[in-house]
Amino acid sequence: MNMRRKPFSFPPALALAGALFFSAAGALSTRAAEPILEPRTMPKPDDTAPARRPAPINEPSDDWKRVPYKDPSPAPVPRDGENERGFMLFGRPPTEPIYSTTHPAPDERLRSLSGFGAPGEIEPLQFGLYPFRDLANLRVRISPLTGPGESVIREDSLDLRLVTYRYLPYPMYKTRGTCRKTPELLEKVTVTDAAAGECLRYWIRVNIPADAEPGVYQGHITVWSDAAAEALAVPVAFRVLPYRLLRDPDKQYSVFYYHPYYEAERLPQFREMAERHGAEWIEKVLRNDAAAMRAYGIDVFPTLPIEYDRATKELFIAGGEQTMAAFMAAGFSGPVPAIPWVATGRIFNEVTGKDIGSHADNVADMDVPEAFYEKLVEGLTRFDQRRADCGWPEFYYQPVDEISPRAREFGVQIYRALREAGLRSFVTKDPKAPDAPAYAPYIDAWCSQPFSATYADIQASAQQYWCYPNHNAYEIKEPEVMCRGGRMTYGFGFWRSGYHMIMPWIWRRSRGYLEKGSAGGQQVSDEGEIVPTVYWECFREGVDDLRYLYTLQTAIVQREGSPDPECRALAEEGMALLQEIWARAGGELKYLADNSFLNREFDAYRWQMARITMALLNHPATNNNASPSVIVDPAGQGTAPSASEADIISRQTARGNVESFELLGADSFDEWSVAAGLIEQQLLDPMDSVPAGLVSLRIRIDYENDDGDDGNPVGWPRILRAFGRQGMNWQFYDYLSLELWIDSDRDEVADDFSPLFLNVQAPGGKLASVDIVDRIMQRRWTRVLISMRALMEASEQGADLSAWRQVKAIQVGLREKDYPDGAEIEVRFREARLLRFKTPAVSALHAPMTVLLNRETLRISAGVMGVPVAVNCPTCERPIPLTDAESETIAELTLALSLTNRENQEPVAELEVPLRPAAVQENVLPLHNAVPGRHMLSASLKDPHGNVLSNFEREIELLADPVAEEL
C-alpha cells in the first residue's frame, strides 16, 4: 500500500486535548474547569436516574449440568488505585466475548474509549469491568460528546446498556442437559451489584446524528459504587467522518420472524404478556420490531407466516393488515418471503387425515392425493390475488420448510404446481444438494444455510441466492461463532459469496432459553421495548463493513478516467485493498470463528477503506455511475495470513522432519474390518476401495435391530483397525491425521451436524474416545488433525499413560441415536496417518494482518506443531528430539518473536520466551516504538545454542489511530 499518511508517533496515553470536562461538584456536564487526559478519580456525581436493575437470570434446574467457561489465563492483580476502587476496567473488540468468568490480561487495561463512524451510523463502544471484591450499587454514566464548534452528540444518542448473561443449551441449541452461562442480552440498567471475580460488560451504542459535523467528539464515562469514596472518569473520543455511507442495492437483508400477532396466538410466554398488556402493547411491539430491524440494516420484509382457516377454507395472516402497514410505513421493500407452513400442514391433514411431519418426513413413502396439491395451490392463488388487491409487494412462497430429500417427489410436485399457477417461490435447500436439480426448474430463489454456490455459479444464474446462516444466529451457542463469525458473514463474507440476500433464523423466539428448541434473538420487555442480543449488534457491524466497502467502490468507480495522477494512485490503492480483502475472505461455506478475520482486523480494514474514501472524495467525480457489487478480479490472488496445518505438514515432510505411519494403506483397506457390535451391521457396502486409496463406507440407520431396554437406538456402525498381539506405541507420535467426507439423505438442518466418534483401545480396555467431527460441512473434504495430547487428556485409564505404548486397535464409527431412523450415510476416507515431528516447527502466527495503533500492545499467538507429549507426561518414554546430548528437556527451546519495519529494517519490538508445552503460545509485543507502515512479523524456534530449528514470517500493516491522527 502506498497511501501517504501523516507522520505519527504513538503517545503513552491518548492525547485528548480540548473540552473533556467535569464539574467540581461531580455532576455530568459538557463544560467545566479542566480536561480529562487519562483515567482519573473525581467526586461521585449527584445521580438522580431511577434505579433500573437487570432482569433475573434463568437459573437452570438440577437436571441441567452447568459447563462454565474456564479462562486459562490467571486472574488479574489490582494496581494503580484499583484496590481502592475495587475494580479494573478493560477493553476488547465487540466481537470478542467476555464471560462472567473471563480474566482480563494486564495489557487490556482501559485508558480511554475511542471509535469512529459516519453520520447516520450506529457504532458501538464497549468495555469490561472486573470486580476485585463485591460491589454494591455499581453505576456507569456517559457524558454528552462535544465536537467541533457547538456540535454535540447528546445523551439521548448514547444508548448505554449492560450485557447480561443467560444460561443457554451448550454447545448447540438442541443440546439437552448441559448449559453454559453466556453473554446474551443488552439491557438498559442504571444500577447493579457486582460479585468479586465476575466480569461485567458495558455497551454504548453511539447513534451518530445524520447532520453531525465531521471531527473528534469528546466526553467521558464515569464509574462508581457504594464502596468507593470517589468515582473513576475515563476519557471518550469519537471521530465523525465527513461522508455518509452508501448501500449496495443488490445486497439485501431479511430475517425469519414471528410477528407479535402470531406469537400471541402460538407462544405461551408471549401470549401471557400480550393478555396482560393488551392490544396497544402488541401494536407497540410490532412498531418497535420494524424500527429495530431497520436500525440493524434489514431492508427487505421479514418472513410472514400464513395460516389456514378450516371454517372459511381461506389462507390468512394473523393481524395481516396491521403487520403489513407497520413494515410498509417503516420503508421495507419486497419481495416478501412468505411461509405458509401452517397452512400446508392443515390442508394436508384435511385431505389425507395425516400429519405432514417435520420437514415433510411423513410423506416420504406416501402416495399423496392430487387433491392436496390442487387445494393448496388454489388457496395460495386466492390469497395472492387479495395480496395484489391490497397493494402489497410481491410474495415469494415457501410451502414447506427444509423438505427432506426422502420427500423429493412431494416437494417437487408442490413447486411445479406453484410455477404453473404463476406464483413466485423460494426453497430452503442447498443448491448443491443431490436432489437440488429436481427443484431447479420451478423455484425463483435458493435459500441455503451455507454459501454453497460459488460466485461464478451465481453470476451465471438468473435465480436469486439467499442464505440463512443459522450457525451464526441460533444454532451454535459459542459467542465467537455468533459474533466474530456473524460479523464476517454479514459483511465481507456476504460480499465475497456473491449471494443476494441474508435472512437468518430468527429475529425472536419467545420461549424459555432452556426449553426444547430454546429461545434466541431479540426479546421484549414489559414496556414493549426490544431488548437486543450481543450477536445482532455484531451482525450490524458486518452490515456496516459492507457499506464502507461499497462506498469505497463507488468512490473508485465515479473517478474512473480521472486526469489527476494522485486520484488515479488512490484508486489503484483502493483496488489493491479490496483485492486483498477479497482474497482474505476466502469464499468459505460458513464463517464460524477460526475461518473469519481476527477481532482487531475488522475495524482496521474499515479504517483503511475510510481513509482512502475520504482522500478520493477530495477529488472531483468524473461520472455519476453506480458501482456493481464487485469490482475486483474474482480470480485474483491476495496475501494469505498463514499456511494451513496441511501445508505445514507437507513442508516439514518434504524437509524430512516428519515420520508417518499409514493406517489406511496406499491401495487398499484390507487391514480394516467391520467391528462386531450389539446390532447386526447396517453397511450397504462395507468396503469400497479404489486404487487411489479412497474408501467409501455406506451405512443405513435401522432402529428395528436395536435392543435397548429404554427404546433408544443403541447401534454403533463402525470399522476397526487392529495392531496385533504386541500392540503399537502411540506415544511415539504427535498427531492422528484423517481426511474424510460425509453425505446423507437427511434434511437441510440435520445435514449440518454429522457426529462421528473415534476410540482407541488397549489390552485393559478403551483408552480414550473423542468426537472427531460434530460440525462437518456436507460433501466437502475435511482434514481432522487430533493431537496425541488431546487424546491422552481424554484418557479413561487415569494419570498412568503407559498403556499408550500398547494400543491394540482404533475404531471409527457413528452412534445411531445421532441420526434419524432410515437415514443413509456415506463416509469417505482418503487419509488416515499417525505423524511424528522429529523437531518442533512453528506452524502459524495468529496476529492481525492490519492493526490500528490505538493500543500499546499486539497480542500474537504462535502455533507450534510437534511439541512432544513427554513435556506434560513424566511417565511417557519418548526420546527428546534434539541431537545435542546436553538438551535433556524440550522446555529449553525458546520462541523468538520480532517486529521489524520493512522500510528501514529497524526492529520495532523483540521478545524471547521459553517454549511452553501448549500447541498455541500467546505472547504480547509492545508497540511503544511502532509507527504506521508495513512491518515484518517473525517467529523462530531456537535450540539451547541459538540455532534456528524453524522460522515463520508474515507481513503486518500498522495504521495510525483514527482519533489521534485527527487531533
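View 1. Tyr 490 is buried, at 3% relative accessible area (buried is under 20%, exposed over 50%, partly exposed in between, with a 1.4 Å probe and protein chains only). Tyr 253 is buried too, with a relative accessible area of 3%. This is a predicted model, so local features need pLDDT of at least 70 and side-chain atom pairs count only at pLDDT 80 or more, while totals for chains, interfaces and linings use all residues. Residues are numbered from 1 along each chain as its sequence is written, and side-chain values use heavy atoms, with hydrogens and water left out. The structure holds 52 aromatic pairs (Phe, Tyr and Trp rings, the six-membered one for Trp, with centres within 6.5 Å; planes under 30 degrees apart are stacked, over 60 edge-to-face, the rest tilted). In this one, the ring centres of Tyr 253 and Tyr 490 are 5.9 Å apart and the planes sit at 10 degrees, so the pair is stacked. Tyr 253 belongs to strand β17 (residues 252-253) and Tyr 490 to helix α12 (residues 479-497), so the pair ties together parts 237 residues apart in sequence (helices are DSSP runs of H or I, at least four residues, and strands runs of E, at least two, numbered from the N terminus).

**View 2. Trp 341 with Trp 505.** Here the ring centres are 6.3 Å apart and the planes at 15 degrees, so Trp 341 and Trp 505 are stacked. Trp 505 counts as buried at 15% relative accessibility.

**View 3. A ring cluster and a charge over a ring.** Ring pairs join Tyr 253, Tyr 296, Tyr 490, Phe 494, Trp 507, Tyr 535, Trp 536 and Phe 539 into a cluster. Lys 251 lies over the face of Phe 494, at 4.4 Å from the ring centre (the cut-offs: NZ of Lys or CZ of Arg within 6 Å of the ring centre and within 35 degrees of the ring normal).

**View 4. The largest nonpolar core.** Among its 149 residues, Phe 395, Phe 410 and Trp 507 touch the most other members (a core is a set of buried Ala, Val, Leu, Ile, Met, Phe, Trp, Tyr and Cys residues joined through side-chain atoms within 4.5 Å). Helix α13 (residues 534-557) supplies the largest share of this core, 13 residues.

**View 5. An open, mixed sheet.** Six strands run in the order β4-β12-β11-β14-β7-β5 (strands pair if DSSP finds at least two bridges between them). Strands β11 (residues 158-169) and β14 (residues 200-207) pair in the antiparallel sense over six bridges, and Asp 159 stands opposite Arg 205 in β14.
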